[in-house]
Amino acid sequence: MKVYVMIGAPGAGKGTQADILAERLGLVHVASGDLFRDAVRNDTALGREARRYMERGALVPDPVVIGMIEERLSRPDAAAGIILDGFPRTRPQAEALDAALERRGSRVDAALYVGVPEDELVKRLSGRWLCRASGHVYNEATHPPLVAGVCDADGSELYQRDDDRPETVRARLEQQLPPMYEVIDHYTTRGSLVAVDGAQPVETVTEALLRAIAHPARPGRSEAA
Ligand SMILES: [Zn+2]
């Protein structure tokens, strides 16, 4: 059974890559949000425990999350393995996951880091504009209006929500990136990190990841382009 961990900042496209890799490799893409929803829906003991935290708006504790991952690993569709997406997010979580897998005689085969420069992340995450009249959605990069600041459909003014402004996005990234770099450091030390350039087209990133998986990581190995 293979266990892969996807690592990437919001906007880096790791969820997309996890989906494609799961399909190509016959693995299950386990996004942490889905993991929680499944456990709650199936009303497992861990699901009930997780729900108590979620209902309070509190973080689900690491041992509960890891228990859910272990349950997920035991399901028949995961026989070939899983791609974890959204966990671990911190070094202690990565260490706890290692310990849990080790107890099962397993390990993280590779941590797949989709790296995108911060400026590019800000560009990707902050391009959303809405129209005042009916909430038509535009994106500076992928779906710009014909005239900047004006809705194509009804001519009303376009505005950005606070959450979508570059300065807000950048401030959020400043919080999110340091723990991610610690997770990267953890897997680098373990010799299982594979880094690919996530600023490339989606298919190129996929091919780089597949190549790296086909040639298992050695300590210090990196495919950063
Ligand atoms: Zn409009």
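**Close-up views of a predicted model**

**View 1. In β3, I82 is the bridge partner of V3.** Residues carry numbers that start from 1 along each chain, as its sequence is written. Please keep in mind that this is a predicted model, in which local features need pLDDT of at least 70 and side-chain atom pairs count only at pLDDT 80 or more, while totals for chains, interfaces and linings use all residues. Strand β1 (residues 2-7) runs parallel to β3, and five bridges join the two. Another pair to look for is Y4, which stands opposite I83 in β3. Strands here are DSSP runs of E with at least two residues, helices are DSSP runs of H or I with at least four residues, and both are numbered from the N terminus. Two strands are said to pair if DSSP finds at least two bridges between them. Strand β2 (residues 28-31) also pairs with β3 in the parallel sense, this time over four bridges, and A31 stands opposite D85 in β3. How many of the five residues of β3 are buried? Four of them are, so β3 is largely enclosed by the rest of the structure. (A residue is buried if 20 or more other C-beta atoms lie within 10 Å of its own, exposed if 12 or fewer, and partly exposed in between, with C-beta atoms placed from the backbone.)

**View 2. Five strands make an open, parallel sheet in the order β2-β3-β1-β4-β8.** The edges belong to β2 and β8 (193-197), each with a single partner strand, so one side of each is left without a neighbour in the sheet. On average, neighbouring strands are turned by 25° against each other, direction ignored. Helix α8 (residues 202-214) packs on this sheet and touches β4 (110-115) and β8; the direction of α8 makes about 155° with that of β8. Such angles run from 0 to 180 degrees between N-to-C directions, and axes are lines fitted to C-alpha atoms, for helices over the stretch in contact. Residues count as in contact if their C-beta atoms, placed from the backbone, lie within 7 Å.

**View 3. A second open sheet has three strands in the order β6-β5-β7, and its pairing is antiparallel.** Here β6 (137-139) and β7 (158-159) stand at the edges; each has a single partner strand, so one side of each is left without a neighbour in the sheet. Strand β5 (residues 128-131) and β7 run antiparallel and are joined by two bridges. For a closer look, find C131, whose bridge partner in β7 is L158.

**View 4. Helices α2 and α3 pack at an angle of about 115°, with their axes 7 Å apart.** In this pair α2 passes α3 in a left-handed crossing, meaning that the near helix is turned anticlockwise from the far one by less than a right angle. Which residues make the contact? From α2 come F36, A39 and V40, and from α3 come L46, G47, A50, R51 and M54. By class, the contact of α2 with α3 has six nonpolar residues, one polar and one charged. (Ala, Val, Leu, Ile, Met, Phe, Trp, Tyr, Cys and Pro count as nonpolar, Asp, Glu, Lys and Arg as charged, and the others, Gly among them, as polar.)

**View 5. D43 has a positive phi of about 55° although it is not a glycine.** As a reminder, most residues other than glycine have a negative phi, and most peptide bonds are trans. D43 is found in the loop between α2 (32-41) and α3 (45-55). With 9 other C-beta atoms within 10 Å, D43 is exposed.

**View 6. The peptide bond from F87 to P88 is cis, with omega near -5°.** P88 is found in the loop between β3 (81-85) and α5. Helix α5 (residues 91-103) has 13 residues and reaches 19 Å from its first C-alpha to its last, close to the 18 Å expected at 1.5 Å a residue; the expected span is 1.5 Å times one less than the number of residues. Just after α5, G105 takes a positive phi of about 70°.

**View 7. E71 sits in helix α4 (residues 62-74).** Is E71 buried, exposed or partly exposed? With 18 other C-beta atoms within 10 Å, E71 is partly exposed. Leaving aside neighbours within four places in sequence, E71 is in contact with T44 and L46.

Definitions and conventions
Contact = placed C-beta atoms within 7 Å.
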